[in-house]
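We will go from stop to stop, and at each one you will hear what to select and what to look for.

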Amino acid sequence: MSGFVFSEKPIAIESGEGPHLYADDGTEYLDLGASYAVAPVGHCHPRVVEAVQEQAEDLMYVQASYPVTARTELYEKLAALAPGGIDNVWLCNSGTEANEAAMKFARSATGNSKIIATKRGFHGRTLGALAMTWKKKYKAPFEPLAGDVEFVSYGDEEELAEAIDDETAAVFLEPVQGEGGVHPASAEYLRAARDLTAEAGAALVFDEIQTGLGRTGALWACEAAGVTPDVLTTAKGIASGLPLGATLCADWIAEKPGDHGSTFSGGPVVCAAANATLDAVVEEDLPTRAGDLGSYLTERVEEATETHDLPVRDVRGRGLMIGIEVRRGANRVLRDLALDRQVLALPAGRSVVRLLPPLVIEEEHADSAVDALTEVLG
Ligand SMILES: *Cc1c(COP(=O)(O)O)cnc(C)c1O
């Protein structure tokens with residue numbers, strides 16, 4: 001018997017610390033994918049480890065209808081950190097569930113069913129979030145999905161204006177598309193989406209599952225654009241690797257709480273991990289660091305591309321969310337990086353190498369990443 005969904009890589013990981021993972025034979029790997037962006041504060045941050053240990057000794061779980069300190073604290077922290085006062089919090093166990101909840105809440109609050117999503121967009125793998133995800137390969141074997149979704153070209157204001165009408169429940173956008181190839185939206189586009197949804201009475205939902213928690217240089221990517229959505233979803237690194245997602249809602253969305261629920265909503269151990277993670281993000285000022293290190297790393301990759309005439313078509317992104325579009329298969333590059341240079345990164349489609357490093361990396365880690373890329377691509 002064995003797991004069958006993931007194709008496993010020939011590296012068995014035993015432990016982690018900061019930006020590094022260690023294999024069972026002791027080999028050190030620089031984890032520039034942060035294991036799907038799940039380690040913003042690095043692997044096994046001492047503060048998070050301690051919070052989890054202490055909470056596990058007191059109480060592992062109590063249902064969400066009984067207040068418990070760790071959960072109450074997380075509600076308060078998220079409400080305080082949320083952009084523009086969207087401070088009603090729903091807790092779940094993953095990104096896809098946070099988006100499913102956003103779909104349900106938007107439909108319930110507007111009384112409409114139509115959802116607008118974007119080409120190249122990614123929102124998760126369960127049947128609702130999958131219906132808003134663009135890639136055919138992810139969807140075709142599982143149809144019919146939870147439908148009434150219309151797709152528009154990402155970044156095209158006119159197409160969006162044409163698609164939104166008074167039957168629209170919500171528009172779902174990633175402020176920077178991740179999985180779809182690392183494509184940032186302009187502030188103007190996000191503002192246009194804000195105005196158009198407000199006019200139509202539809203909810204604007206920002207999926208910040210990959211862009212949030214400081215990665216793009218601001219705590220939430222939408223803050224840099226000066227746009228507040230009605231709903232914001234977050235997950236991935238929020239509890240440093242324990243399963244947690246959150247859906248933050250404006251009052252008008254949260255007015256009708258509906259019949260949503262989940263057994264594991266806001267368990268104390270994951271909440272304790274999230275509290276410690278959010279404290280570390282804020283107190284270590286990781287958004288600023290992500291902005292600075294992101295510029296540094298991007299410039300160094302561009303420099304290396306020119307100096308060594310590397311087969312790189314484009315380098316793009318925001319902060320420490322970087323896509324390097326290469327003129328050859330990204331998976332081959334990733335394999336060579338891992339096996340020859342002990343650098344782990346992620347693909348974003350066939351030709352993009354995606355870097356989502358822990359926000360605690362130092363310049364020296366950025367330098368060794370560039371050296372490794374230069375050798376593997378050269
Ligand atoms: C990863 C991701 C999701 C899905 O999150 P899961 O926890 O894997 O369900 C949704 N949206 C975006 C933008 C993501 O990057």
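The tour below goes through a sheet, a loop histidine, some backbone details, the nonpolar cores and the ligand site. Keep in mind that this is a predicted model.

**Stop 1: the open sheet**

Start by colouring β1, β2, β3 and β15. In that order they form an open sheet of 4 strands, and the pairing is mixed. Which strands stand at the edges of the sheet? They are β1 (13–17) and β15 (343–344); each has a single partner strand, so one side of each is left without a neighbour in the sheet. Now zoom in on β1 and β2 (residues 20–23), which pair in the antiparallel sense over 4 bridges. To get your bearings there, select I13 and look for A23 of β2, which stands opposite.

**Stop 2**

Next, select H43 in the loop between α1 and α2. Is H43 buried or exposed? Its relative accessibility is 14%, and because the cut-off for buried is under 20%, H43 counts as buried. Show the side chains of H43 and D31: they make a polar contact at 2.8 Å. Leaving aside residues up to four places away in sequence, H43 touches G16, E17, G18, H20, L21, D31 and S35.

Step along to C44, in the loop between α1 (34–37) and α2 (46–58). C44 has a positive phi of about 50° although it is not a glycine. With 51% relative accessibility, C44 counts as exposed.

**Stop 3**

Jump to D285, in the loop between α11 (268–283) and α12 (286–307). D285 is not a glycine either, yet its phi is positive, about 50°. Its relative accessible area is 40%, which makes D285 partly exposed.

Then select E143 and P144. A cis peptide bond joins them, with omega at about 5°. P144 belongs to the loop between α6 (136–139) and β6 (149–152).

**Stop 4: the nonpolar cores**

Select L78, L160, L173, I324 and V353. Of the 80 residues in the largest nonpolar core, these touch the most other members. Which helix gives the largest share of this core? It is α11, with 9 residues. Colour the model by domain as well: domain 1 (13–44 + 285–377) and domain 2 (46–283) both give residues to this core, so it lies between them.

For a view from inside, centre on L160. Not counting residues up to four places away in sequence, L160 touches I116, V152, V171, Y189, A193 and L196. Apart from this core lies another, of 21 residues; W90, C92, A170 and V231 are among them.

**Stop 5: the ligand**

Finish by showing the ligand together with the residues around it: S94, G95, T96, N99, F122, H123, G124, E174, D207, I209, Q210 and K236. A polar backbone atom of G95 is 2.8 Å from an oxygen atom of the ligand. A nitrogen atom of the ligand has a polar side-chain atom of D207 at 2.7 Å. For Q210, draw the line from an N or O atom of the side chain to an oxygen atom of the ligand, a distance of 2.7 Å.

Notes. Residues numbered from 1 in each chain as written. Predicted model: local features only at pLDDT ≥ 70, side-chain atom pairs only at ≥ 80, totals over all residues. Heavy atoms only, no water. Pairing = 2+ DSSP bridges. Helix = DSSP H or I, 4+ residues; strand = E, 2+ residues; numbered from the N terminus. Buried < 20%, exposed > 50% of the residue type's maximum accessible area, 1.4 Å probe, protein only. Core = buried A, V, L, I, M, F, W, Y, C linked by side-chain atoms within 4.5 Å. Domains from an automatic or database assignment. Contact = heavy atoms within 4.5 Å. Near = heavy atom within 4 Å. Polar contact = N/O pair within 3.5 Å; in protein donor to acceptor, adjacent residues only side chain to side chain.
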